[in-house]
Amino acid sequence: MTQPVALPSVDVHEADRRLREDADRPLLLDVREPTEFSDVRAPGAALVPPSQFMARLAELPTDRPILVICHSGGRSAAVTSYLMRTGRTDVANVAGGMAAWERAGLPILRGRPSPGEGDLPTD
């Protein structure tokens with residue numbers, strides 16, 4: 001019998017550190033709905049709502065790690081698990097999600113996103 005693979009996870013402080021310091025430029029992938037993204041988001045996060053995820057899967061960069069975040073960690077854990085099942089090894093769930101990010105006092109933005117904010121990188 002095959003042992004289940006542990007879901008890679010990072011806390012919000014480690015996610016923030018990686019986003020600021022890692023040379024391999026991780027992508028913070030927000031998998032919440034647009035209204036949630038407008039309410040509160042991490043600067044630089046790319047938004048791919050659950051309803052669009054499968055259709056936009058091919059748009060995800062393959063040349064950099066992906067840190068997946070949602071409100072509290074459930075949806076992002078499911079997306080991280082899916083990405084791992086499809087062969088990605090450079091993904092991690094952000095434990096606690098944006099709720100933990102905001103509680104930790106990490107940088108946030110509120111209100112309607114600026115044009116282009118939340119878009120997936122094209123580089």
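This is a predicted model: local features need pLDDT of at least 70, side-chain atom pairs count only at pLDDT 80 or more; totals for chains, interfaces and linings use all residues.
## Overall fold

The protein chain holds 5 helices and 5 strands. Read from the N terminus, these elements follow the order β-α-β-α-β-α-β-α-β-α. With a radius of gyration of 14 Å, close to the 14 Å that the globule rule gives for 123 residues, the chain is as compact as a globular protein of that length.

Along the principal axes, the C-alpha atoms of the protein chain fill a box of roughly 50 × 30 × 30 Å. When contacts between residues at least 6 apart in sequence are considered, 73% of them join residues at least 24 apart.

## Burial and surface

Of the 123 residues in the protein chain, 41% count as buried. The chain exposes about 6,700 Å², and carbon and sulfur atoms supply 54% of that area.

Charged side chains number 14 positive and 17 negative. The centres of these two sets lie 2 Å apart.

## Helix α1

Helix α1 spans residues 12-21, and V12, A15 and D16 are buried in it. Viewed down the axis of α1, the buried residues fall within an arc of 95°, so they line one face of the helix. As background, an α-helix has 3.6 residues a turn, so residues three or four places apart point the same way.

Terms used: Residues are numbered from 1 along each chain as its sequence is written. Side-chain values use heavy atoms; hydrogens and water are left out. Helices (H or I, at least four residues) and strands (E, at least two) are DSSP runs, numbered from the N terminus. The radius of gyration is taken over C-alpha atoms; the globule rule is 2.2 Å times the number of residues to the power 0.38. Buried means under 20% relative accessible area, exposed over 50%, partly exposed in between (1.4 Å probe, protein chains only). Contact means heavy atoms within 4.5 Å. Accessible areas come from the Shrake-Rupley method with a 1.4 Å probe; for residues, only the protein chains shown count as cover. Lys and Arg count as positive and Asp and Glu as negative; His and the chain ends are not counted. The place of a charge is taken as NZ of Lys, CZ of Arg, CG of Asp or CD of Glu. The arc is that of the directions from the helix axis to the C-beta atoms.
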